[in-house]
Protein chains: 2
Amino acid sequence: MADDPSAPKRPQKATLHDVADLVGVSPRTVSRVVNDEGGFSDATRERVLDAIAELNYRPNLVARSLVTSQSNTLALIITDIADPFFAELANGIQQAAQRRGMSVFLAVSENDADTESELLGRLMSQAVDGAILFPASHSIDGPIHFARLGLPIVAVDTEFDHDNICCVRSDLEHGVALAVDHLRTRGRRRLAMLTNGNLPPHRRRRENHFRSLVATDTPVVTADPTSTGGYEAARTLLDTHPDVDAVFAYNDVMAIGALAAFREADRRVPDDIAVVGCDDIAVGTLLPPALTTIKLDHERLGETAVACLQELLTATTRPDPITVPIDLVVRAST
Amino acid sequence: MADDPSAPKRPQKATLHDVADLVGVSPRTVSRVVNDEGGFSDATRERVLDAIAELNYRPNLVARSLVTSQSNTLALIITDIADPFFAELANGIQQAAQRRGMSVFLAVSENDADTESELLGRLMSQAVDGAILFPASHSIDGPIHFARLGLPIVAVDTEFDHDNICCVRSDLEHGVALAVDHLRTRGRRRLAMLTNGNLPPHRRRRENHFRSLVATDTPVVTADPTSTGGYEAARTLLDTHPDVDAVFAYNDVMAIGALAAFREADRRVPDDIAVVGCDDIAVGTLLPPALTTIKLDHERLGETAVACLQELLTATTRPDPITVPIDLVVRAST
DNA sequence: ACGTCGGACGTCAACGTTGACGCAGAGCCG
DNA sequence: CGGCTCTGCGTCAACGTTGACGTCCGACGT
């Protein structure tokens with residue numbers, strides 16, 4: 001366990017060549033064994049494998065990708081890792097990638113389209129095979145630009161029109177409908193929504209579908225999609241529409257902020273006011289009251305995104321957009 | 001914005017050579033301009049830059065790292081990204097790396113030492129410059145093995161003895177002392193701890209220091225360092241020591257689980273029982289009651305870890321272990 | 001006029017690996 | 001025995017870049 005002071009700090013890494021010399025074959029043969037291509041005898045295989053173990057040889061994936069132009073590497077670009085939803089999703093994607101022997105570059109755009117483009121550029125230089133992207137609110141042509149340059153992209157919950165971009169979306173429309181139905185069957189009549197104010201109109205899927213299901217004078221308050229945003233939006237709502245008896249939030253984090261605001265205003269949840277979130281993040285179950293929410297299956301979404309990227313890599317035609325189903329999880333907040 | 005159907009799906013990426021041909025100079029000169037090495041005239045520089053823009057040239061970092069054996073890439077290996085503490089920390093590290101122009105490979109060991117070693121191996125093959133590691137509970141020689149093979153590693157909150165491993169630790173001892181003092185000055189007399197049962201004895205820093213500050217018969221309940229673990233540990237504690245009036249938890253997530261258990265058992269927090277967590281995750285402020293906690297500064301910790309890795313890369317001697325200071329944040333739960 | 005110096009390039013090899021191809025010998029068939 | 005295929009290798013170039021070094025030319029000093 002202790003340290004050998006005579007050992008160099010950066011020992012030379014063994015190469016195919018070193019292994020080849022030790023065995024007495026050509027590097028090409030060693031390569032064949034490493035990649036199990038066939039074209040060698042069992043005896044050679046054994047000797048090569050022994051030498052590899054002895055020298056602690058590990059293939060240099062950089063050199064390999066240079067020649068194969070394939071890196072088994074993907075980029076994951078999200079807007080904010082502090083949001084548990086993204087963290088859980090990053091987990092799902094990382095797992096799915098790991099299962100396929102791929103490594104994941106993680107990058108955070110902080111919801112800024114310029115940063116996003118810069119990251120896409122840098123990661124493209126890194127020769128990732130593709131990217132899984134949660135686009136920034138106002139990201140429009142950046143991703144298309146890079147797709148055109150040859151970067152396969154999976155865009156989550158956003159539409160982009162390019163052969164090199166595959167869209168994976170959750171069935172939010174269905175989710176919103178479930179939530180609204182649920183609130184109505186529980187006798188709620190004066191609904192409201194707290195939504196993400198940063199999105200451009202064409203990306204307000206939750207909001208637009210919600211509006212289509214409720215009366216036109218139903219209040220919709222916009223704010224940042226954070227807990228602070230949820231808190232502030234809820235306070236505004238209480239001021240302007242003190243009689244609402246149910247709130248549907250853009251995501252769980254906003255819903256949690258809203259719960260805090262209601263608590264502060266002595267509105268009991270769910271007695272006085274019901275709250276439905278969206279995402280199903282882990283902490284939702286730990287709150288008093290536990291949060292009713294539209295559940296996005298992180299694992300499934302991650303698996304789907306990675307699978308979709310793989311298809312994009314192999315298929316020649318544009319893959320169809322994929323919709324991941326969604327459920328309502330009823331807990332104590334409604 | 002629309003798609004040009006005549007465009008190939010995987011356009012050839014421009015290389016130094018293409019740029020050179022367009023300008024009428026040698027690739028070496030283009031390389032000099034790209035890296036701003038000097039040794040070219042202003043006129044040439046302009047023409048090269050124009051050609052680069054025209055061809056949309058981007059340097060191939062894979063080829064560059066092959067020749068420079070430096071990838072500006074680091075590996076971040078954590079045990080569990082669902083724990084908001086790690087998510088927030090991953091954020092800090094990612095930011096710090098981005099500031100330095102480095103990209104981050106994210107990998108999750110799921111707290112398994114074998115997975116951890118496999119990941120280290122794979123990422124070493126990817127030629128990362130170094131790794132930032134949150135070791136799995138029972139990880140001992142894996143990291144040392146890779147350090148010896150030449151991988152610079154920053155280990156967080158764990159001691160490893162090798163020139164190629166630099167340890168960054170938070171001043172948990174001080175934090176625990178602050179927490180215990182705080183509880184005592186608030187008149188709490190019957191303390192208890194909920195701790196992580198998975199750690200080997202030499203890594204139980206919080207627990208050991210806590211024990212050193214309290215009476216020997218102070219109850220310490222072990223469980224998984226998750227919210228469920230915290231919940232269960234709290235229930236056990238209520239059964240075995242119904243008279244405790246303050247609980248110190250291994251981390252915030254366990255503390256949150258404990259809050260749920262206390263609520264269920266109709267123990268009011270903080271009136272009947274005070275709760276202190278550790279980490280200062282974001283949701284801690286949103287709970288009723290907001291959680292008093294030992295604050296680890298994620299940004300600072302991330303920045304320190306990356307800085308430490310950089311020093312490890314350049315320095316020839318083993319960098320000293322670094323201790324990051326810690327604070328107590330008092331909120332409503334005590 | 002000659003030497004010298006420095007600026008602005010170019011040339012070549014190398015990084016570690018794999019794709020394309022070549023080749024010798026064994027085995028088999030007619 | 002000639003021709004064929006198959007096995008088990010080896011050779012060579014290429015991937016895109018940079019390090020080391022060479023070259024040409026103009027300026028400058030004496």
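This is a predicted model: local features need pLDDT of at least 70, side-chain atom pairs count only at pLDDT 80 or more; totals for chains, interfaces and linings use all residues.
**The surface near DNA strand D**

- Helix 4 of chain B supplies the largest share of the surface near DNA strand D, namely 5 residues.

**The surface near DNA strand C**

- DNA strand C is surrounded by 25 residues, and the closest of these are Leu16(A), Ser31(A), Asn60(A), Ser26(B) and Ser41(B).
- At least two residues of the surface near DNA strand C come from each of these elements: helix 1 (16-23), helix 2 (27-34) and helix 4 (61-68) of chain A, and helix 2 (27-34) and helix 4 (61-68) of chain B.
- For DNA strand C, the largest share of the surface is given by helix 4 of chain A, with 5 residues.
- The surface near DNA strand C is made up of 11 nonpolar, 11 polar and 3 charged residues.

**How the two chains are related**

- Chain A is superposed on chain B, with an RMSD of 0.1 Å, by a rotation of 180° that carries a shift of 0.1 Å along its axis.
- The two copies are therefore related as by a two-fold rotation axis.
- Within chain A, the C-alpha nearest this axis belongs to Phe105(A), and that atom is 2.2 Å from the axis.
- Both copies use the same surface, since 100% of the contact residues of chain A recur in chain B.

**Chain A by itself**

- Chain A contains 12 helices and 12 strands.
- Its radius of gyration is 26 Å, which is well over the 20 Å that the globule rule gives for 334 residues, so chain A is more spread out than a compact globule.
- Taken along the principal axes, the box filled by the C-alpha atoms of chain A is roughly 85 × 50 × 35 Å.
- Of the 334 residues in chain A, 49% are buried.
- Among the contacts in chain A between residues at least 6 apart in sequence, 67% join residues that are at least 24 apart.

Notes
Residues are numbered from 1 along each chain as its sequence is written. Chains are lettered from A and ligands numbered from 1 in the order in which they are written. Copies are superposed by least squares on the C-alpha atoms of residues with pLDDT of at least 70 in both. Two residues are in contact if their C-beta atoms, placed from the backbone, lie within 7 Å. A residue is near a molecule or strand if its C-beta atom, placed from the backbone, lies within 6 Å of it. Helices (H or I, at least four residues) and strands (E, at least two) are DSSP runs, numbered from the N terminus. Ala, Val, Leu, Ile, Met, Phe, Trp, Tyr, Cys and Pro count as nonpolar, Asp, Glu, Lys and Arg as charged, and the others, Gly among them, as polar. The radius of gyration is taken over C-alpha atoms; the globule rule is 2.2 Å times the number of residues to the power 0.38. A residue is buried if 20 or more other C-beta atoms lie within 10 Å of its own, exposed if 12 or fewer, and partly exposed in between; C-beta atoms are placed from the backbone.
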